[in-house]
Amino acid sequence: MSKKFKFPPIPARRCPDRLEQENTVRVRPVKKVTPEVETFTDDDIEVELDGNAAFLIRLTDPAEGIGKIDFSGKSIDEVISYKKELEKELEEVSKDSSKSELYIESMKDRINEADDHISKISNTLEILANGKIRIPEQGAVEFRAGSRKALALYVLYIRHTEGVNRKDPSVYKDELTDIFKFFWGYTDSTKNEIENLTTISEKRNPFDTEISKLRKAFYKQIGKSNAEKFLPSGKRGEAKRLDIDRITFTLPKGL
């Protein structure tokens, strides 16, 4: 269950004497702030949320104090919850004439940052070292690909951004062998699976069979409408490919 954050984005002004506190947020300087911050270092401002979570505001403009939020380590549910709290707060403060324009604009910036981060997460898929597929968009759901051959073929598609030619699976035999070795070692069983996956016959194309299993696994876990963008596609007669322009696919280190 995600935590409900109350996190009004107080503009992080550079003040030599004090930093304002508001509502449940406590802002404290980690070290003396310098005019420009190029990376997340000691010049960040740490913001604690009700004592049970924290974000970082990065100072980027010494005049206006507008910062950036570090969302690293936060789940998509946490970021969505944070965004909703901001939107409620913005609605309230917009009616308050005592609130500065800078404060309101800062809140809008925070909401835009959350939207950008959510959009980025929503188009990410990761293959884990244990052979599972992980999609942060769907509450960080993890699932199996349908079969070991289906997973190996999916990894092949991720590695071949130009697409995979289903008409001659044998050309990928060495590469598929390396993929099998990474996940499951090289036993008699894996040798047979590799041979089966790279041998085409008059009655069956092994790539078509395994992509069908992969598709069913995706449909079962996240539904057809959500799954399609993560699966190989292409015009009839052309090599099918993944939508790498839209989705970020990540493989475990070593693949």
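Modeller: Please keep in mind that this is a predicted model. Let us start with a definition: a residue is called buried under 20% relative accessible area and exposed over 50%, and partly exposed in between.

Colleague: Why is V171 called exposed?

Modeller: The relative accessibility of V171 is 55%. The cut-off for exposed is over 50%, so V171 counts as exposed. This residue lies in the loop between α3 and α4. The C-alpha atoms of V171 and T198 are separated by 7.9 Å, although the two residues are 27 residues apart along the chain.

Colleague: How do you know that the length of α4 agrees with what a helix should span?

Modeller: The expected span is 1.5 Å times one less than the number of residues. For the twelve residues of α4 this gives 16 Å, and the end C-alpha atoms are 16 Å apart, so the two values agree. After α4 comes G185, which has a positive phi, near 80°.

Colleague: Which residues of α4 are buried, and what do they pack against?

Modeller: The buried residues are E175, L176, T177, I179, F180 and F183. They pack against β5, α3, α5 and α6.

Colleague: What makes a set of residues a nonpolar core?

Modeller: Its members are buried residues of nonpolar kinds, such as Leu, Ile and Phe, joined through side-chain atoms within 4.5 Å. The largest core here has 36 residues, and L125, I127, I133, I135, Y154, L214 and F218 touch the most other members. Several elements each supply at least two residues of this core, among them β5, β6, α4 and α6. The largest share, nine residues, comes from α3. Another core, of 13 residues, lies apart from it and includes V79, L90, I104 and M107.

Colleague: Which residues is I127 in contact with, leaving aside its neighbours within four places in sequence?

Modeller: Among them are I133, L151, Y154, V155, I158, F183 and L251.

Colleague: How do you know that β5 pairs with β6 and with β8?

Modeller: Strands pair if there are at least two bridges between them. Two bridges join β5 to β6, which run antiparallel, and three bridges join β5 to β8, which run parallel. Both cases therefore meet the cut-off of at least two. E126 has R134 in β6 as its bridge partner, whereas L125 stands opposite F249 in β8. Five residues lie between β5 and β6 in their hairpin, and G131 in the turn has a positive phi of about 90°.

How values were computed
Residues numbered from 1 in each chain as written. Predicted model: local features only at pLDDT ≥ 70, side-chain atom pairs only at ≥ 80, totals over all residues. Heavy atoms only, no water. Buried < 20%, exposed > 50% of the residue type's maximum accessible area, 1.4 Å probe, protein only. Helix = DSSP H or I, 4+ residues; strand = E, 2+ residues; numbered from the N terminus. Contact = heavy atoms within 4.5 Å.
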